[in-house]
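Reader: Before we go through the model, I would like to learn how each kind of feature should be read, with its cut-offs stated, and then see the case at hand.

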Amino acid sequence: MAEVLVYVDHADGAVRKPTLELLTLARRIGEPVAVALGPGAEATAPALAEHGAVKVLTADAPEFADYLVVPKVDALQAAYEAVSPAAVLVPSSAEGKEIAARLAVRIGSGIITDAVDIEAGDEGPVATQAAFAASYTTKSRVSKGTPVITVKPNSAAVEAAPAAGAVEALAVSFSEKATGTKVVARTPRESTGRPELTEAAIVVSGGRGVNGAENFHIIEALADSLGAAVGASRAAVDAGWYPHSNQVGQTGKSVSPQLYIASGISGAIQHRAGMQTSKTIVAINKDAEAPIFDLVDYGVVGDLFEVVPQLTAEVQSRKG
């Protein structure tokens with residue numbers, strides 16, 4: 001069976017969930033070979049092996065931490081040349097898409113970004129994408145070279161499939177451009193204790209109907225009761241009620257959780273573009289004519305200041 005390269009997103013050896021999802025998808029089209037780079041690369045091997053990686057190619061060098069993107073592209077290209085894979089899968093983060101694009105240019109291959117599913121095809125992997133603000137679903141395949149595909153978080157279930165996970169050192173020769181952009185400082189992101197927005201299985205978002213930053217604690221309380229991430233519409237962010245880093249929509253972040261709860265959000269196309277691929281969508285809005293109700297699986301016509309606290313209390317009572 002052909003091998004499939006999977007680029008590993010990890011933090012000091014802790015493998016992030018989107019990478020484990022990629023291993024599930026990779027097993028559909030071949031044998032996953034993981035590529036882990038930077039500090040803690042070798043520590044990723046047990047988790048990767050548990051989820052199906054037959055090999056784990058590792059490399060660590062100061063360049064991966066001290067410079068932007070290009071050293072990682074050099075390493076992924078070295079892995080590609082060593083393995084000659086049937087496909088290369090990369091998480092659809094901002095960095096992941098830049099790495100994938102640069103690799104595709106170097107190896108003369110086509111690229112598909114933001115896939116939400118991958119399946120085996122007669123002429124190579126077939127990727128499913130959501131197009132035109134998720135109004136359409138398309139199926140595509142790369143017709144030139146080795147497919148390079150980035151996959152959105154929450155596109156597949158994490159499935160254990162123990163494999164050898166043999167660790168092999170990857171020899172990397174850095175190009176002249178590898179040291180072109182140096183990282184001069186890092187500021188750790190303040191932890192909220194909540195899941196990363198784009199990776200969360202549940203997202204609770206608030207919009208214009210929240211009516212002020214002082215009321216977002218209602219949204220946060222529901223999110224915390226569900227172990228969810230907190231999102232916000234552009235209207236709420238533009239009003240200064242919640243940070244831009246939490247904005248969901250065309251000009252914010254795209255999410256695809258198992259459950260998306262929209263509170264006080266009308267459902268403008270800009271917002272829908274960022275959450276329409278969610279598996280189950282629930283809306284709470286006092287306007288029965290709000291466009292969001294055309295999209296949802298479940299809708300509650302009511303005042304969020306009454307409905308959301310009751311929902312939070314019900315969740316907590318069932319948990320307790």
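Reader: Which side chain does the side chain of Thr-128 make a polar contact with?
Author: A polar contact is a pair of N or O atoms within 3.5 Å, where, within protein, one must be able to donate a hydrogen and the other to accept it, and where residues adjacent in sequence count only if both atoms are side-chain atoms. Here the partner of the Thr-128 side chain is the side chain of Lys-139, at 3.1 Å. This is a predicted model, in which local features need pLDDT of at least 70 and side-chain atom pairs count only at pLDDT 80 or more, while totals for chains, interfaces and linings use all residues. Residues are numbered from 1 along each chain as its sequence is written, and side-chain values use heavy atoms, with hydrogens and water left out.

Reader: Where does Thr-128 sit, and is Thr-128 buried or exposed?
Author: Thr-128 belongs to strand S8, residues 126-131; helices (H or I, at least four residues) and strands (E, at least two) are DSSP runs, numbered from the N terminus. Its relative accessible area is 8%, so Thr-128 is buried, given that buried means under 20%, exposed over 50%, and partly exposed in between, with a 1.4 Å probe and protein chains only. Leaving aside residues up to four places away in sequence, Thr-128 touches Ala-115, Val-116, Asp-117, Glu-119, Thr-137, Thr-138 and Lys-139, contact being heavy atoms within 4.5 Å.

Reader: How many aromatic pairs does the structure hold?
Author: A pair of aromatic rings is described by the distance of the centres and the angle of the planes. Rings of Phe, Tyr and Trp (its six-membered ring) pair if their centres lie within 6.5 Å, and planes under 30 degrees apart count as stacked, over 60 as edge-to-face and the rest as tilted. There are two such pairs in the structure. Phe-64 and Phe-174 form an edge-to-face pair, 5.5 Å centre to centre with 70° between the planes. Because Phe-64 lies in helix H3 (residues 62-66) and Phe-174 in the loop between strand S11 (166-169) and strand S12 (202-206), this pair ties together parts 110 residues apart in sequence. Phe-64 is buried at 5% relative accessibility, whereas Phe-174, at 28%, is partly exposed. The rings of Phe-216 and Tyr-242 have centres 4.5 Å apart and planes at 25°, and therefore count as stacked. Phe-216 is in helix H6 (residues 216-226) and Tyr-242 in the loop between helix H7 (234-238) and strand S14 (259-263), 26 residues apart. Phe-216 is buried at 1%, and Tyr-242 is buried at 12%.

Reader: What is the order of the strands in the open sheet of five strands?
Author: Strands of a sheet pair through backbone hydrogen bonds, either parallel or antiparallel. Two strands count as paired if DSSP finds at least two bridges between them. The order is S13-S12-S14-S15-S16, with parallel pairing. Strand S13 (229-232) and strand S16 (298-301) each have a single partner strand, so one side of each is left without a neighbour in the sheet. S14 and strand S15 (residues 280-285) pair over five bridges, and Ser-263 stands opposite Ile-284 in S15.

Reader: What does H6 touch when it packs on the sheet?
Author: Axes are lines fitted to C-alpha atoms, for helices over the stretch in contact, and angles run from 0 to 180 degrees between N-to-C directions. H6 touches S12, S13 and S14, and its direction makes about 170° with that of S12. Helix H9 (residues 304-319) lies across S14, S15 and S16, at about 135° to S15.
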